[in-house]
Amino acid sequence: MSLLNNVMDHSLDEGYAQAAAKREAEGRAGLPRTLRGRLWLAAGLILAALVVTVGAAQARIAAPTIARENEELIKRIEDGNADADALQKRVDSLRSTVDARQREALEKHGSGRAEVTGMLSGALPVKGPGIKLVVDDAKDTKDSDTGGPRESSGFSDTGRVRDRDLQRVVNGLWASGAEALSVNGQRLTSLSAIRAAGDAILVDNKPLVPPYTMLAVGPGQRLSTAFQDSADGRYLHALRENFGIGASISVQDEVRLPAAPRLIVRSAKPAQTGEGSTS
C-alpha cells in the first residue's frame, strides 16, 4: 500500500520535475518550440496578407489617376496633330497665294517675256510635245545581295535606283534639249535638289517612291534620240543591262507639267544689262 500511495502522491517522475525547474531557472519556460514556430508562421502570413491588402487598396486609389493622366496625354497628342494639320493647311494656302502673286508680277512687269520667263523658271504650268521616261528598281532588288562597285554609295541593293542615277538622267534630259521637267509630278526648277535620305530619294525635300516617271517637254523624237545617244543615256542603258534596272522611254504628243509648288528667291536681284533689260 505504501508503494501505491507513493505513486499516487508523486505521479510525475522527479527527473521531469527537475528538468522543468531547470528550464524555468534558465528563462526557457513557456510554450513548446513547435507551437512557437506555428505562431510565428501565422504572424508572418497575417503580415503578408496585410501588405497585399494595402497594396491592392493603393492600386485601386491610383488607378483613376493613371487613367486620367493617360486621357490627358491622348488629348494633348490629338490636339497637337490637329494644330499641325491646321498649320500645314495654312502653309499650303500661303504658298498658293505667293505663287499667284508671283505669276501676277510676271504678267504685269515682264511684258511679252512674262510667260516665257514663268515657264522656264517653273512658275507656270506648261504643256507641249515631249517624252516620258520611266525608271524603276530591278525586280529582284529586295533579294539582291551580290555586292559590287555600286555598294559604296550606301545602298544595300545594286538593283536600286539611287539619287545619283536620277541626277544623271535629269541632267542628261536638260542637256538633250528638255525645256521643262517633272519627276513623279514634282516640277524641277533651277533651285531643285535631288538627294538621298536613307533608301529614299528626295526631290526638293519631298520623298519619292519608284517607279520614277520623268516628263520632259521638248521636240519629241529628237529629244528622245539625243538623250539615248548622250553619255547619260548610255549610263542608263548600262544600269539596265548590268543591274536589271527598268527603263523605258516613249515619245508623247502632249505632256502636261504643273507649276513648281514654291519658287522663292532670297538673294538674287534683277540687274540692268543694257537695252531692254529689267530692273
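Trainee: Is Val51 buried or exposed?

Mentor: Val51 is exposed, with a relative accessible area of 54%; exposed means over 50%, buried under 20%, and partly exposed in between, with a 1.4 Å probe and protein chains only. The model is predicted: local features need pLDDT of at least 70, side-chain atom pairs count only at pLDDT 80 or more, and totals for chains, interfaces and linings use all residues. Residues are numbered from 1 along each chain as its sequence is written, and side-chain values use heavy atoms, without hydrogens and water.

Trainee: Which helix holds Val51?

Mentor: Val51 belongs to helix H3 (residues 33-109). Helices (H or I, at least four residues) and strands (E, at least two) are DSSP runs, numbered from the N terminus.

Trainee: Which residues of helix H6 are buried?

Mentor: The general idea is that an α-helix has 3.6 residues a turn, so residues three or four places apart point the same way. In H6 (residues 220-229), the buried residues are Gly220, Leu223, Ser224 and Phe227. They lie on the same side of H6, because they cover an arc of only 100° around the axis, taken from the directions from the helix axis to the C-beta atoms. Arg222 and Asp229, on the other side of H6, are exposed.

Trainee: What is the order of the strands in the open sheet?

Mentor: Strands of a sheet pair through backbone hydrogen bonds, either parallel or antiparallel. Here 5 strands follow the order E3-E2-E7-E1-E8, with antiparallel pairing; two strands pair if DSSP finds at least two bridges between them. Strand E3 (186-187) and E8 are at the edges, each with a single partner strand, so one side of each has no neighbour in the sheet.
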